[in-house]
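Colleague: Walk me through this one, please. I will keep asking how you know.

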Amino acid sequence: MYPFTYHRPASLDDARARLAASEDGRPLAGGMSLIPTMRFRLSSCSDLVDLNAIDGLAGIERHEGGIRIGAMTRHAAVEASAEVREAIPALAALAGSIGDVQVRNRGTIGGSICFADPAADYPAGILGLGASVNTDRRSIAADDFFTGLYETALEDGELVVSVDFPVPERAGWAKFGNQASRFAVVAVMVSLAGGAVRLAVTGAKSHVFRVPEMEAALAADFSAEALEGIAVASEGLNEDLHADAAYRAHLVGVMAKRAVRAALAP
Ligand SMILES: Cc1cc2nc3c(=O)[nH]c(=O)nc-3n(C[C@H](O)[C@H](O)[C@H](O)COP(=O)(O)OP(=O)(O)OC[C@H]3O[C@@H](n4cnc5c(N)ncnc54)[C@H](O)[C@@H]3O)c2cc1C
């Protein structure tokens, strides 16, 4: 690890001030992704600003428009939340499919979406459910948040404070996970709200994406059969030792159907 100065502010304002005053400061959430990259010297920073002592950044609230999840809310809390299970069970299923117990007890929704790993699960949840990401400066629509490989629309020093999820009529989650890490080889979140369908895929490309052709077919007929014959091109899809591009393209179709069936399950 390269040397850095550690800070543990007790308020969001203090965290912002410390990030602004630092040469190359980074927020620290659960540390599940950031600390390993620092230990391997794949990343470094002048200042590490730990968000764990700030009140009000963690928690789940049900309100009229939907569910608000604080940035520092652990995956295990989302998985176990009665509000999430009742309003958006697919989101609880997504959180429960992340990594292992240790990772779910440390990792946070804010850290996951800010890191924007191409195989992370929450990006598909955010995009597939049409959530909005609230920062200390603005609200960013799901469609604008993930911009590339490990890249988001966040500006320097911008902090995610919460994520707002609208409650869909139906939503389903399906994941083909790596057996060792449980990161998504391919995973799909699908949702139906007011006749509109969103279908988001993670694990298959540099960053999460929607599949308009599948969404149009499902808007006309929300059934797994409606996806018959619709294929995603393998060109440009990720290839690694876990799956080549053609297999990932195949998995997108399979996971999309499973997600729809999960959404229709009683
Ligand atoms: C063994 C293992 C298995 C895993 N399996 C999966 C899996 O199956 N699916 C999956 O989706 N993920 C998986 N993960 C990743 C896990 O979900 C982490 O929670 C996630 O990568 C990062 O969250 P974190 O809270 O640990 O963030 P950190 O590692 O603390 O931070 C990640 C990045 O986000 C930035 N950041 C953090 N919080 C904020 C904020 N509020 N505002 C602005 N920037 C912020 C940090 O500066 C850093 O750049 C796995 C991780 C491990 C170690």
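Modeller: Start at arginine 182, which sits in the loop between strand 11 and strand 12 (184-193). A strand here is a DSSP run of E with at least two residues, a helix is a run of H or I with at least four, and both are numbered from the N terminus. Keep in mind that this is a predicted model: local features need pLDDT of at least 70, side-chain atom pairs count only at pLDDT 80 or more, and totals for chains, interfaces and linings use all residues. Residues are numbered from 1 along each chain as its sequence is written, and side-chain values use heavy atoms, with hydrogens and water left out.

Colleague: Why is arginine 182 called partly exposed?

Modeller: Its relative accessibility is 35%. Buried means under 20% relative accessible area, exposed means over 50%, and partly exposed is in between (1.4 Å probe, protein chains only). The value of 35% falls in between, so arginine 182 counts as partly exposed.

Colleague: What is phi of arginine 182 near?

Modeller: Phi is near 75°, a positive value in a residue other than glycine. Tyrosine 150 has a positive phi too, about 55°, and is not a glycine. Tyrosine 150 lies in the loop between strand 8 (146-148) and strand 9 (151-152). At 42% relative accessibility, tyrosine 150 is partly exposed.

Colleague: How do you know that the protein is as compact as a globular protein of that length?

Modeller: First, the parts: the protein has eleven helices and 14 strands. Its radius of gyration is 18 Å, close to the 18 Å that the globule rule gives for 266 residues, so the protein is as compact as a globular protein of that length. The radius is taken over C-alpha atoms, and the rule is 2.2 Å times the number of residues to the power 0.38. The C-alpha trace spans about 55 × 45 × 30 Å along its principal axes. Buried residues make up 52% of the 266 residues.

Colleague: How many aromatic pairs does the structure hold?

Modeller: Three. Rings of Phe, Tyr and Trp (its six-membered ring) pair if their centres lie within 6.5 Å; planes under 30 degrees apart count as stacked, over 60 as edge-to-face and the rest as tilted. One of the pairs is phenylalanine 145 with phenylalanine 146: 4.9 Å centre to centre, with 85° between the planes. That angle is over 60, so the pair is edge-to-face. Both phenylalanine 145 and phenylalanine 146 are buried.

Colleague: Why does arginine 248 count as buried?

Modeller: Arginine 248 is found in helix 11. Its relative accessibility is 3%, under 20%, so arginine 248 is buried. Leaving aside neighbours within four places in sequence, arginine 248 is in contact (heavy atoms within 4.5 Å) with residues including Val185, Gly203, Leu237 and Glu239.

Colleague: Why is aspartate 164 called buried?

Modeller: Its relative accessible area is 16%. That is under 20%, so aspartate 164 is buried. Aspartate 164 is in strand 10 (residues 160-166). Not counting residues up to four places away in sequence, aspartate 164 touches His63, Ile67, Arg68, Ala131, Ser132 and Asn134. Aspartate 164 and alanine 131 are 33 residues apart in sequence, yet 5.4 Å apart in space, C-alpha to C-alpha.

Colleague: What makes helix 8 mostly covered?

Modeller: Eight of its eight residues are buried. Helix 8 covers residues 122-129, and its buried residues include Tyr122, Pro123 and Leu129. Glycine 130 follows helix 8 and has a positive phi, near 65°.

Colleague: Last one: why does serine 139 count as partly exposed?

Modeller: Its relative accessibility is 49%. Exposed means over 50%, so serine 139 stays partly exposed. Serine 139 is in strand 7 (residues 139-141). Leaving aside neighbours within four places in sequence, serine 139 is in contact with Ser132, Val133 and Asn134.
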